[in-house]
Amino acid sequence: MSVFLNAYLPDTDPLSKKQVVDRGLTKQSAEAKASPYKLIELADIRGMVKIRMPFSHKGTYGHALIIAGAEKTMGAALLCAKGCVYGGAGLITLSIPVQGLTALNTAVPEAMYLERSELLRSRTLDNYDAIGIGPGIGRMVDSHTIMAEIFALKQPVVIDADALAILSGHPDLFHLLPKDSILSPHVKEFDGLFGPHKNWWDRLQTARTEAKKRGVILILKNQYTFIVDHEGDVSINQTGNPAMAQGGMGDVLTGILTAYLAQGYSAKAAAILSCYFHGKAGDELSTTHFNVTASEVAAQIPITVKSLFNKAED
Ligand SMILES: NC(=O)C1=CN([C@@H]2O[C@H](COP(=O)(O)OP(=O)(O)OC[C@H]3O[C@@H](n4cnc5c(N)ncnc54)[C@H](O)[C@@H]3O)[C@@H](O)[C@H]2O)[C@@H](O)CC1
Ligand SMILES: Nc1ncnc2c1ncn2[C@@H]1O[C@H](COP(=O)(O)OP(=O)(O)O)[C@@H](O)[C@H]1O
């Protein structure tokens, strides 16, 4: 039986009711020969994860740089760093203001520290396999300058939270966003970037147009998260649940995204795997927890990934 797009949207409209959704990223139903809408399934994920190899070491899994946190939102930076550590990056450096150093060493001792002002030193940014920026950084002028320097590297970047707000206010900077970057807005951030939308169907069409035009991956976060790629194809993530509706959950996702990018996955694969595992970790925890915290979701990630290889069914 066919599934239609409206089943995954919080509101209804006549057009989404006519769009068939394919089950699986590679399978096609007879009714949907060229449907751009595809449900992510367990078999897709199993086929995408790279096994950890003998003789590999921390250098094999990439060095991720997270730029996050301000005096009053240091927690966002720590949660993002946790997402990156548990997401499996080989090395993690967290760039935060100095006030956060003791908290970092206490809460995430696996991560190294780079003082925020060091970022703009010559060639500092060249040392990383992936960069994620945004959670809790604030919307100050220095964040804008740092983003311009990062974009000049012309390497994919993960952009979330306050970094999205900065892009919204600076179309000139948005224009310089490197190809293959990953943006992970929730609905308010999405409309901040691209203008208000009257419903989710319209929002999704804007996401398809913008992802194609800019050559980036757009992750439109919600109960069902939409991962929109350069071709305008939409992969629908089904994992996740309302127990996860708590601050900091998106910060953890940003850390996981940066970890997967650092490990050498393509931007699209990093987006699909991160959203799937983030939601799946929340689903596993919600079997025993009424609500789950962002820290718990981060810590669950390696368990969730490991269990993927033990189960026959989703
Ligand atoms: N421990 C910390 O330091 C935390 C810091 N955070 C950071 O603080 C900064 C600002 O976060 P804010 O929460 O103030 O701003 P947001 O832009 O994330 O949210 C603002 C408001 O938008 C609404 N909203 C958010 N998601 C929505 C959705 N999916 N559907 C409908 N409405 C939605 C909610 O009413 C929310 O209060 C960000 O950089 C964020 O990363 C937060 O992640 C929370 C935890
Ligand atoms: N009801 C829900 N069902 C599924 N996933 C959810 C639900 N609520 C939140 N999430 C997930 O949690 C994350 C929230 O991200 P975000 O709004 O950016 O949080 P924050 O800014 O607090 O870090 C998203 O990945 C979203 O998909």
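Alanine 76 is found in helix H2, which spans residues 74-86; helices (H or I, at least four residues) are DSSP runs numbered from the N terminus. This is a predicted model in which local features need pLDDT of at least 70 and side-chain atom pairs count only at pLDDT 80 or more, while totals for chains, interfaces and linings use all residues. Residues are numbered from 1 along each chain as its sequence is written, and chains are lettered from A and ligands numbered from 1 in the order in which they are written.

**Annotated positions**
- The UniProt annotation "binding site", from an unreviewed entry, covers Ala76, Gly136, His186 and Asp251; such annotations may be inferred rather than shown by experiment.
- Alanine 76 is buried because 27 other C-beta atoms lie within 10 Å, the threshold being 20 or more other C-beta atoms within 10 Å of a residue's own, with C-beta atoms placed from the backbone.
- Aspartate 251 lies in helix H9 and also counts as buried, with 29 C-beta neighbours inside 10 Å.

**Contacts (C-beta atoms, placed from the backbone, within 7 Å)**
- Neighbours within four places in sequence aside, alanine 76 is in contact with Ala68, Gly69, Pro135, Gly136, Gly248 and Asp251.
- With the same exclusion, aspartate 251 is in contact with Ala76, Leu79, Cys80, Gly83, Pro135 and Ala294.

**Shell around ligand 2**
- Of the 19 residues around ligand 2, Gly240, Pro242, Ala245, Met249 and Gly250 come nearest; a residue is near if its C-beta atom, placed from the backbone, lies within 6 Å.
- Helices H9 (249-262) and H10 (267-286) each supply at least two shell residues, and H9 gives the most, with four.

Terms used. A residue is buried if 20 or more other C-beta atoms lie within 10 Å of its own, exposed if 12 or fewer, and partly exposed in between; C-beta atoms are placed from the backbone. Two residues are in contact if their C-beta atoms, placed from the backbone, lie within 7 Å.
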